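Me: I have a structure open and would like to talk through a few of its residues. Could you take my questions one at a time?

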Amino acid sequence: MEGLRDNILSAQVEAALQGHELGPFEPTEDPGLTSYQAICRRCGRPVYASSANVFSILEEICPGEMQERTGSDNENKRR
């Protein structure tokens, strides 16, 4: 289980550095494979972790993060 814990932690750190806000890791329904999935609360994209590896389709910069920044920049310009 140490490999799984390390891979989940690695996925959380990488996602946070890219502006993603992951929800909780939950077991997937893959028979015979112990893997977990978390969804970014901002962009809705998943990341998967197992004891063997991490598979992510998260973008390098979260699109939700960019929208939040752009929105707050536009609000500041209007003031």
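Me: Where is N7 found?
Reply: In this predicted model, N7 is found in helix α1, which covers residues 2-17.

Me: Is N7 buried or exposed?
Reply: N7 is buried, because its relative accessible area is 16%, and the cut-off for buried is under 20%.

Me: What lies 3.4 Å from a polar atom of its side chain?
Reply: That is the backbone oxygen of S51, at 3.4 Å from a polar atom of the N7 side chain. With neighbours within four places in sequence left aside, N7 is also in contact with A49, S50, A52, N53 and V54, as well as with S51 itself.

Me: Changing topic, which residues of the largest nonpolar core touch the most other members?
Reply: That core has 13 residues, and I8, L22, F25, V47 and L58 are the ones that touch the most other members. At least two residues of the core come from each of α1, β2 (35-39) and β3 (46-50), and α1 gives the most, with four residues.

Me: What does V47 touch?
Reply: Not counting residues up to four places away in sequence, V47 touches A11, L22, F25, Y36, Q37, A38, V54, F55, S56 and L58. As a general point, nonpolar side chains in soluble globular proteins tend to be buried together.

Me: Which residues make the nonpolar surface patch?
Reply: L9, V13 and L17 make a nonpolar surface patch of about 320 Å². L17 has its place in helix α1 and counts as exposed, because its relative accessibility is 71%, with the cut-off for exposed being over 50%.

Me: And how many salt bridges does the structure hold?
Reply: The structure holds three salt bridges. In one of them the side chains of E21 and R41 meet at 3.7 Å, N to O; E21 lies in the loop between α1 and β1 (26-27) and R41 in the loop between β2 and β3, so this pair ties together parts that are 20 residues apart in sequence.

Me: What about E21 and R42?
Reply: Their side chains also meet in a salt bridge, at 3.6 Å, N to O, and because R42 lies in the loop between β2 and β3, this pair ties together parts that are 21 residues apart in sequence.

Me: Which side chain does R45 meet in a salt bridge?
Reply: R45 meets the side chain of E59, at 3.1 Å, N to O. This pair links distant parts of the chain, with R45 in the loop between β2 and β3 and E59 in the loop between β4 (54-56) and α2 (63-78), 14 residues apart.

Technical notes. Residues numbered from 1 in each chain as written. Predicted model: local features only at pLDDT ≥ 70, side-chain atom pairs only at ≥ 80, totals over all residues. Heavy atoms only, no water. Buried < 20%, exposed > 50% of the residue type's maximum accessible area, 1.4 Å probe, protein only. Polar contact = N/O pair within 3.5 Å; in protein donor to acceptor, adjacent residues only side chain to side chain. Contact = heavy atoms within 4.5 Å. Core = buried A, V, L, I, M, F, W, Y, C linked by side-chain atoms within 4.5 Å. Patch = residues over 30% accessible without salt bridge, like charges linked within 9 Å, V, L, I, M, F, W, Y side chains within 5 Å. Areas by Shrake-Rupley, 256 points an atom, 1.4 Å probe, with all protein chains shown as cover. Salt bridge = Lys/Arg side-chain N within 4 Å of Asp/Glu carboxyl O.
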